[in-house]
Amino acid sequence: MKHQIGKVLLILTVSATLVVQAELVATVDRNIISDADLLTLTVRASGAQSEIEPDFSVLENDFEILSVSPKRNSSFSIINGNTTSISYIDYVLRLAPKRMGDLVIPTIRAGNKVTQTIPIRVKRLSSVEQQRINQYVFFETSVDAKEVYVQEQIIYTVKLFYSEAIGGDFPQPPALPDT
């Protein structure tokens with residue numbers, strides 16, 4: 001009887017390990033964001049799926065993909081002579097919503113595996129919240145001369161003022177035609 005229970009436990013452990021080794025899972029850092037926020041989407045591909053890059057083009061309907069950072073992880077463990085190896089790739093995406101309202105991160109495919117859909121609510125930043133942000137974070141830009149000669153140097157300065165730790169993208173440099 002004990003021998004049969006041991007076989008059943010071994011079969012369940014092996015099948016559970018196989019299920020864990022071949023999956024594609026998507027998670028977000030939060031489901032409710034403002035129109036000024038960025039969303040972090042992490043897609044974990046493990047097992048055989050980790051060699052196939054997921055198709056992120058389905059996100060472009062509702063989100064602008066700002067960056068994709070793949071991070072490969074592997075671990076090996078030997079416990080009482082049993083060797084276990086786990087490897088996966090985390091694709092970390094920074095997304096900016098294209099519109100407000102109820103959005104959905106659709107199913108993302110990699111090979112024959114798909115992720116679950118994830119609902120996202122994008123709300124407008126209230127004027128009070130915007131005012132509060134403006135008190136804590138603001139940019140000041142300046143140039144050292146109003147008029148310059150051809151091929152003369154201009155020093156363009158951007159200063160970021162903030163009262164607490166912040167994150168996000170730095171603003172783009174100004175568009176200067178004919179320079």
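Biologist: Why is Ile154 called partly exposed?
Modeller: Ile154 has a relative accessible area of 44%. Buried means under 20%, exposed means over 50%, and partly exposed is in between, with a 1.4 Å probe and protein chains only as cover. So 44% puts Ile154 in the partly exposed class. Bear in mind that this is a predicted model, where local features need pLDDT of at least 70, side-chain atom pairs count only at pLDDT 80 or more, and totals for chains, interfaces and linings use all residues. Residues are numbered from 1 along each chain as its sequence is written, and side-chain values use heavy atoms, leaving out hydrogens and water.

Biologist: Where is Ile154 found?
Modeller: In the loop between strand 10 (137–143) and strand 11 (156–162). Strands here are DSSP runs of E with at least two residues, helices are runs of H or I with at least four, and both are numbered from the N terminus. The protein chain has 2 helices and 11 strands.

Biologist: What makes Asp90 buried?
Modeller: Its relative accessible area is 11%. The cut-off for buried is under 20%, so Asp90 qualifies. Asp90 is found in strand 5, and its side chain makes a polar contact of 2.7 Å with that of Arg44.

Biologist: Why is that pair called a polar contact?
Modeller: The term covers a pair of N or O atoms within 3.5 Å; within protein, one must be able to donate a hydrogen and the other to accept it, and residues adjacent in sequence count only if both atoms are side-chain atoms. At 2.7 Å, the pair of Asp90 and Arg44 falls within that limit.

Biologist: How do you know that strand 4 and strand 5 pair?
Modeller: Two strands pair if DSSP finds at least two bridges between them. Strand 4 and strand 5 (residues 82–97) are joined by 16 bridges, so they count as paired, and they run antiparallel. Ser69, for instance, stands opposite Val92 in strand 5.

Biologist: Which order do the strands of the open sheet follow?
Modeller: The 4 strands come in the order 1-3-5-4, with antiparallel pairing. Strand 1 (23–28) and strand 4 (63–79) are the edge strands, each pairing on one side only. Strand 1 and strand 3 share 6 bridges, with Leu24 opposite Ala45. Strand 3 and strand 5 are joined by 8, and Leu39 has Leu95 as its bridge partner.

Biologist: How many residues of strand 3 are buried?
Modeller: In strand 3 (residues 39–46), 6 of the 8 residues are buried, so the strand is mostly covered.
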